[in-house]
Amino acid sequence: LGYAALIKTYSVSWDWGPILSGYLGLILIGFLASSIGVFTSSLTRSQIMAYLVSAVLLVMMFLMVGMLIQPGTPPFWRAILEHFSVTTHQDLFASGIISWRSLTYFLTSTALFLFLSVQGLSAQGGR
């Protein structure tokens, strides 16, 4: 929120839309990252191992998928990679566009990882 106050102080004209939708995107990314952390934690007893697996999954979702999209990528694969890229959806939020596709991506991915966590814990007897 300090960023918004700083812009309001020093900017002549600005739009609340991209700022608020950008924060919404960051909150949704936080939900997704937390659900991935809970999922990996439900798979192992080691906190360090859970962290490492979570970090690898998140790096793949943030960086690797975006790096796989090259100028010569066929349109079919480009669409699939862009759908699974967190940065593609965050860029929409940062530009002020709240799309149903991005909302659905974050909410269903978060729900999927939470569901998998519950299933993993129930399979292990609730630990």
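Colleague: Which hand is the crossing where α2 passes α3?
Modeller: Right-handed, where right-handed means the near helix is turned clockwise from the far one by less than a right angle, and left-handed means anticlockwise. Helices here are DSSP runs (H or I, at least four residues), numbered from the N terminus. Bear in mind that this is a predicted model, with local features needing pLDDT of at least 70, side-chain atom pairs counting only at pLDDT 80 or more, and totals for chains, interfaces and linings using all residues. Residues are numbered from 1 along each chain as its sequence is written, and side-chain values use heavy atoms, leaving out hydrogens and water.

Colleague: What angle do α2 and α3 pack at?
Modeller: About 140°, with the axes 8 Å apart, for α2 at residues 16-43 and α3 at 47-68. The axes are lines fitted to C-alpha atoms over the stretch in contact, and angles run from 0 to 180 degrees between N-to-C directions. The two helices are therefore oblique to each other (under 35 degrees is roughly parallel, over 145 roughly antiparallel, 65 to 115 roughly perpendicular, and the rest oblique).

Colleague: Which residues make that contact?
Modeller: On α2, Ile29, Leu32, Ala33, Ile36, Gly37, Thr40 and Ser41; on α3, Ala50, Val53, Ser54, Leu57, Leu58, Met61 and Phe62. Contact means heavy atoms within 4.5 Å. Ten of the contact residues are nonpolar, four are polar and none is charged (nonpolar is Ala, Val, Leu, Ile, Met, Phe, Trp, Tyr, Cys and Pro; charged is Asp, Glu, Lys and Arg; the others, Gly among them, are polar).

Colleague: Switching to the core, how many residues are in the largest nonpolar one?
Modeller: It has 13, and Leu32, Ile36, Met61, Val86 and Phe106 have the most contacts inside it. Such a core is a set of buried Ala, Val, Leu, Ile, Met, Phe, Trp, Tyr and Cys residues joined through side-chain atoms within 4.5 Å.

Colleague: Which element gives the largest share of this core?
Modeller: α2, with five residues.

Colleague: And Phe106, buried or exposed?
Modeller: Phe106 counts as buried, because its relative accessibility is 0% (buried is under 20% relative accessible area, exposed over 50%, partly exposed in between, with a 1.4 Å probe and protein chains only). Phe106 lies in helix α6.

Colleague: What does Phe106 touch?
Modeller: Not counting residues up to four places away in sequence, Leu28, Ile29, Leu32, Val86, His89 and Phe93.

Colleague: How do α5 and α6 pack?
Modeller: At about 130°, with axes 10 Å apart. That crossing is left-handed.
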